[in-house]
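Here is a short briefing on selected local features, grouped by topic. Keep the coordinates open while reading.

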There are 2 protein chains.
Amino acid sequence: MGPALDVPSGSTAVASTIDAVFTARVRSAEAYHPVFGQLWKLCGERISGGKGIRPRLMLDMFGALRPDARADTRAVAEQGPVPAAVVDIAAAIELLHASFLLHDDVFDGDLTRRGSPNLIGLLATHPGDTETTAAQRLHWARSCGILMGDLLLAEVHQIFARVDVEPAARTALLDLLAHAITESVVGEQLDIGLEDGTVVADTATVLEMCRLKTATYTFELPLRAAAILAGADSAAADAALAAAGAHLGLAFQLQDDLLSTFGDPAEHGKDAFSDLREGKETAVIAAARMTSAWPEIEPAFGDCELTVTEGERVQRLLRECGAESFVHGLIDDQMRALHETLADPASELPDAARQTLVSLAARLDGRRS
Amino acid sequence: MGPALDVPSGSTAVASTIDAVFTARVRSAEAYHPVFGQLWKLCGERISGGKGIRPRLMLDMFGALRPDARADTRAVAEQGPVPAAVVDIAAAIELLHASFLLHDDVFDGDLTRRGSPNLIGLLATHPGDTETTAAQRLHWARSCGILMGDLLLAEVHQIFARVDVEPAARTALLDLLAHAITESVVGEQLDIGLEDGTVVADTATVLEMCRLKTATYTFELPLRAAAILAGADSAAADAALAAAGAHLGLAFQLQDDLLSTFGDPAEHGKDAFSDLREGKETAVIAAARMTSAWPEIEPAFGDCELTVTEGERVQRLLRECGAESFVHGLIDDQMRALHETLADPASELPDAARQTLVSLAARLDGRRS
C-alpha cells in the first residue's frame, strides 16, 4: 500500500480540492452576511482533520484498478498523476461524510466529536449566556448544523453531477451515490428508532442497521466509484466490490461498537460508557440481551447518570456473559466472508485490487480508534 | 393564462411525475424496513396537496418562451405537449420546496401546516404515550423530518443531474439550482438568527432575509429554468427574469407577512398571532420598531402566551402606527420595479413572457392566502 510516510499525490490533491471548495464558499458566503461566512468557515476548519479513510480507500482501489496499474501495489505512490475526476469524487465522498456527521450530531444532541467541540458545540457556546439565551443559542446552533449539512449534501451532488467522465460513467456514479445515501439514511433512521424503542431490537435488525449506516457510504461507495472511474466496473467486479464493502463495512462498525464499549477512551475519542448512557443499540447489547446476564445489565442501559463504577461493572458483565467474544466472532465472520469473496476467481478483480482489500482488512484488524 | 377550469397537460404531467417518484421510493423503501417505507409514504401523502405555484410558474413561462410559442398566451393550454425535461425540472422544484418545508418545520418546532398535522406531527402522535415516551417520539419524528428532507434534496439533485438536455443547458440548470439553494439557506439562517437575536434586526437585513428565503427558489428558479429549457436564456433575458423573480418574490413574502399579521386565519391557514407569539422578525415588525408605538407593542412580541385580546390589540397598534401601510408601500415598490423591468425593451423578453409575469403579479395582488 506504499510506505507509511508517503503522502500520495492523490491525498494531497483531495485535501486541496476540499480546501478550495471551502475557500470559495466562505468568500461568497461573506458577501451575503457575516453569519453565513462564519458558518462555512467553522465547518471548513472542522473538516480538515479526520483520518480520510474514504478518500484513501478510493485512491488505493483506483490505483489498483486503473488501466495502467502496475502489478506491484507498492508502486501505487509512483504511478501517474491521479485524474481530476478521481480527486473530485474522492473529495465529494469526504464531504458526504461531513454532511452525515453534521446531521448525526443533531440527532444525537452531541456538542463534541473526538473530544473537541463540533460545529454545534462551537456555535452554541457564548460567554455570558443566561439559561434562556443558552437555550436559544442551542436552537440556533442545531439549526445551523442542519443547514450546513444540507449545503454539503448539495455540494456533493454538484460534484458528482459535473464530474468529467463519459455520460455512462457519470450515470453509474449518480446511481451509486443515490444507493449510498438511501442506505445511510435508512441505517440512521433505524439507529434512532432502535434507541428510543420505536423499532424493535431484534438481532437481525440491529446488525442490518450497523451495516447500512456505515458500510455502504464508507466502503462500498469509494470502492465501486473507483472501479467505475477506472473503467473496471464489470458486473462481476462491481458485485465483488459491493460484497467486499459490505463485509468490511460491517466489520468496521462492529469494531467501532467494541471500541466504544471496551476500548480506551484516550484512543477512540468518545466518552467511556456514552453508548451505555444513551441506550445505544449495538451488536454488543443485542448479544447481551440473549444471555442470562441481561437482567443485571438492563437497569444501567440508557441510564444517563451511569457512574464510572457502574459502567466498569457493566463492562465486566458484558465480557463475562460472552457478548464481547460473540461480537469478535461476528467480525471474524465478516472477515472470512471478505476473503472468500476475494478468493473467488469469478470476481474478475485483478490481484492488485484483491491485495488492496486484504491489506486494508489487516490494518483494520488491529485498530484501536 | 388560460381559462380557470383548464388542467394544463403540463401540470398533470408534473403531478404524475411526483407520484411516480414516491410510488417507486415507497416500494424500494419497504424492502429495507417498514418504518422507512412509512416515512416515504407519509411524505408522499403530504405533498400531493399544495398550490403548486412553482411548477405552474415554470410551465407558464416555458409556454411563453418556447421556440414555438404562440403570441396569444390564451393558447398556452393548446400548445404542443410539454417536453419531459420541463416536466422533470418542474417536479424537482416542487420537491425542493417540500424538502425546505420539512427542515423549516424542524427549525420552527411546528407540528402542523395549514391546519393539518405535518409529517413531524403525524410521526409524533401516538395514543398512550407518557410524557417520557412522547418526548422520545418527538425526537424520533423530528429526526425523521430531517432525514426525509435530506432524501428529497438528494432526489432534486438527481433529477437536475440527469435531465435530458444539452450539456451546456444542464450545467446552467445546475448552477441555477446551486444559487437557489444557497440563497434559500442563508435566508433561512437569517430568519432563525433574527428571531433569537443572534442577528441584529436592522431593516435592510430583515428585508434581505425576506427576499432570500423565498424569492429565489419560488420565483427566480422556475422563471430562469424555463428560459434555459426554452433556449431563451440570453444574458439580458436571464437578468430580467432574475430581477423579476426578486421583485415578485419579495412582494410575495411581504404579502405573506401581512396576511399572517392581519389576515383571516381561515383563509391563510396559520394560527392568528403565531408570528407575534414566536417573535418572528418580519417587515411589519421592522417597520413598527421605528415608530413611537413600539414600546407598547414590544412586550407582546415573542410572548408565547399572548391572548387573543392582546393579539387583537397589537394588531390595532400595528395598523395605527403605520406599519401595515408602510409594508403595503414596500409591496407597491416591488410591483413598480417589476413593471419597470418588464417595460425595458433591453430585457429581450417576448411579449408572451412579459404578459405571463404581469398576469401573475395581478393574481398575487389580490391574494388572501
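Phe273(A) is buried, because its relative accessibility is 6%, under the 20% cut-off. The model is a predicted one.

**Positive phi**
- Phe273(A) has a phi near 70°, a positive value in a residue other than glycine.
- Its place is the loop between α10 (265-268) and α11 (274-278) of chain A.
- Arg114(B) also has a positive phi, near 50°, and is likewise not a glycine.
- Arg114(B) sits in the loop between β1 (112-113) and β2 (116-117) of chain B.
- Buried or exposed, which is Arg114(B)? Arg114(B) is exposed, because its relative accessible area is 52%, over the 50% cut-off.

**Helix packing in chain B**
- Helix α1 (residues 9-30) of chain B and helix α2 (residues 34-47) of chain B have axes that come within 7 Å and cross at roughly 165°.
- The two helices are therefore roughly antiparallel, as angles over 145 degrees count as such.
- The crossing of α1(B) past α2(B) is left-handed.
- From α1(B), the contact uses Ile18(B), Phe22(B), Arg25(B), Val26(B), Ala29(B) and Glu30(B).
- From α2(B), the contributors include Pro34(B), Phe36(B), Trp40(B), Cys43(B) and Ile47(B).
- By class, this contact of α1(B) with α2(B) has nine nonpolar, two polar and three charged residues.

**Aromatic pairs**
- Over all chains, the structure holds ten aromatic pairs.
- One of them joins Trp294(A) and Phe301(A), edge-to-face, at 5.7 Å centre to centre with 65° between the planes.
- Trp294(A) counts as buried, because its relative accessibility is 11%.
- Phe301(A) is buried too, with a relative accessible area of 16%.
- Phe219(B) and Phe252(B) have ring centres 5.3 Å apart and planes at 65°, so this pair is edge-to-face.
- This pair links distant parts of the chain, 33 residues apart.
- Phe219(B) belongs to helix α8 (residues 203-229) of chain B, and Phe252(B) to helix α9 (residues 235-262) of chain B.
- Both Phe219(B) and Phe252(B) are buried.

- Glu340(B) lies in helix α15 (residues 323-343) of chain B.
- Glu340(B) counts as exposed, because its relative accessibility is 58%.
- How far apart in space are Glu340(B) and Ala244(B)? Their C-alpha atoms are 9.4 Å apart, with the two residues 96 apart in sequence.

Notes:
Residues are numbered from 1 along each chain as its sequence is written. Chains are lettered from A and ligands numbered from 1 in the order in which they are written. This is a predicted model: local features need pLDDT of at least 70, side-chain atom pairs count only at pLDDT 80 or more; totals for chains, interfaces and linings use all residues. Side-chain values use heavy atoms; hydrogens and water are left out. Axes are lines fitted to C-alpha atoms, for helices over the stretch in contact, and angles run from 0 to 180 degrees between N-to-C directions. Helices (H or I, at least four residues) and strands (E, at least two) are DSSP runs, numbered from the N terminus. Angles under 35 degrees count as roughly parallel, over 145 as roughly antiparallel, 65 to 115 as roughly perpendicular and the rest as oblique. A crossing is left-handed if the near helix is turned anticlockwise from the far one by less than a right angle, and right-handed if clockwise. Contact means heavy atoms within 4.5 Å. Ala, Val, Leu, Ile, Met, Phe, Trp, Tyr, Cys and Pro count as nonpolar, Asp, Glu, Lys and Arg as charged, and the others, Gly among them, as polar. Rings of Phe, Tyr and Trp (its six-membered ring) pair if their centres lie within 6.5 Å; planes under 30 degrees apart count as stacked, over 60 as edge-to-face and the rest as tilted. Buried means under 20% relative accessible area, exposed over 50%, partly exposed in between (1.4 Å probe, protein chains only).
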